Amino acid sequence: MSAKSAAIVALCDMEPGQEADFFALLVAKETATTRDGKPYHKVSFRDSRREVSFPVWQDSAWAAECRDRWTPGVFYKLRAQYRETNFGPQLEIRRIREVVDADAADGFDPGMCLSSSRFNPAEMYAELSAIAQKEIRRPDLRGLVEAILVRHREALLRMPAARRHHHAYAAGLVEHTLSVTRTCLYLADKYAEYYRDLEPPLDRDLVVAGAILHDIGKLLELQQQPTATLYTPAGELVGHVLLGRDMVREAARDHPVDCDTLLRLEHVIISHQRLPEWGAPKPPMTPEALLVHYADDLDAKFNMFYTILRDDGADGPFTSNQNVLRQKVYRGQRSD
């Protein structure tokens, strides 16, 4: 990289057509072939808020270096032009090299290329714990939930909620769980008041406990690595729904609750995805499970909409459909 490098910018802050120097993590490199038999490498570079995937064609000036030297999991300093295309964001690379120690003087920090929650993880965990202590009134159920939170505190502070689709960044799981729990508190109070004659009455404690624990199995389903979040063998073979049920069962041996409450809590966990193709062996069959499912689904979908509207650079009133939902989102007319 030339000594006359431009000021360092963030990849996520680059505008279409802008050329700049920036740091990025190479998160993927795949060998592929077009339908016409033309070989290429598909590479993906990322910083904390933007990932750009694009082809490096065999006749490109970078083809040999990409094939022989570019390594996923390695940080690079690039000079490139950022472009928005019909196929998504692209980089036109001018220069590239691996990051060196001296780049710290220009602000390089490995954390700058890792996506993380906008909110403080310790504060979110503290609020989630406070909700469990205050809002779950039955001592046995409260003790079970608190024991699970305490045991897994460190993992909750860093774990994403998913590989790609929603809250897919460090501390995304505790962010998502707290948001779902807040919504469930509101819904439980609303419907308990609205349906006073419901028999049996809506179990507010169970709604809150289920909201806090609905995704706890993701701590065993997922593993974080610098390049990506991957599934563990248990995650691939079993999935977070049943892993979470098993974690609750295990904790209940030392923090027992009555059999019916444990059964209902397990049902909230195994049904919160609702559909078999989403990993749920059963749909919600209790009012408590129904509330947790829709609070969870709404929070996940809203996070996807937020990310699409934040990151999409397409012109016009609609975003591109090149996103996790594979659909356009209407943002309205942009004023000049």
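The model is predicted. The protein chain contains eleven helices and seven strands, and its C-alpha trace spans about 70 × 45 × 40 Å along the principal axes.

**Whole chain**
- Of the 336 residues in the protein chain, 44% are buried.
- Among contacts with a separation of 6 or more, 57% are between residues 24 or more positions apart.

**Helix 9**
- Helix 9 covers residues 240-254, which is 15 residues.
- From first C-alpha to last, helix 9 reaches 22 Å, close to the 21 Å expected at 1.5 Å a residue.
- The buried residues of helix 9 are H240, V241, L243, G244, R245, M247, V248, A251 and A252.
- These buried residues pack against helix 3 (139-151), helix 6 (204-213), helix 7 (218-221), helix 8 (233-237) and helix 10 (259-271).

**Residue L220**
- L220 lies in helix 7, one of the helices against which the buried residues of helix 9 pack.
- L220 counts as partly exposed because its relative accessibility is 39%, between the cut-offs of 20% for buried and 50% for exposed.
- Apart from neighbours within four places in sequence, L220 contacts T232, A234, G235, L243 and M247; L243 and M247 are among the buried residues of helix 9.
- V329 is 109 residues from L220 along the chain, and their C-alpha atoms are 33 Å apart.

Conventions
Residues numbered from 1 in each chain as written. Predicted model: local features only at pLDDT ≥ 70, side-chain atom pairs only at ≥ 80, totals over all residues. Heavy atoms only, no water. Helix = DSSP H or I, 4+ residues; strand = E, 2+ residues; numbered from the N terminus. Buried < 20%, exposed > 50% of the residue type's maximum accessible area, 1.4 Å probe, protein only. Contact = heavy atoms within 4.5 Å. Expected span 1.5 Å × (residues − 1).
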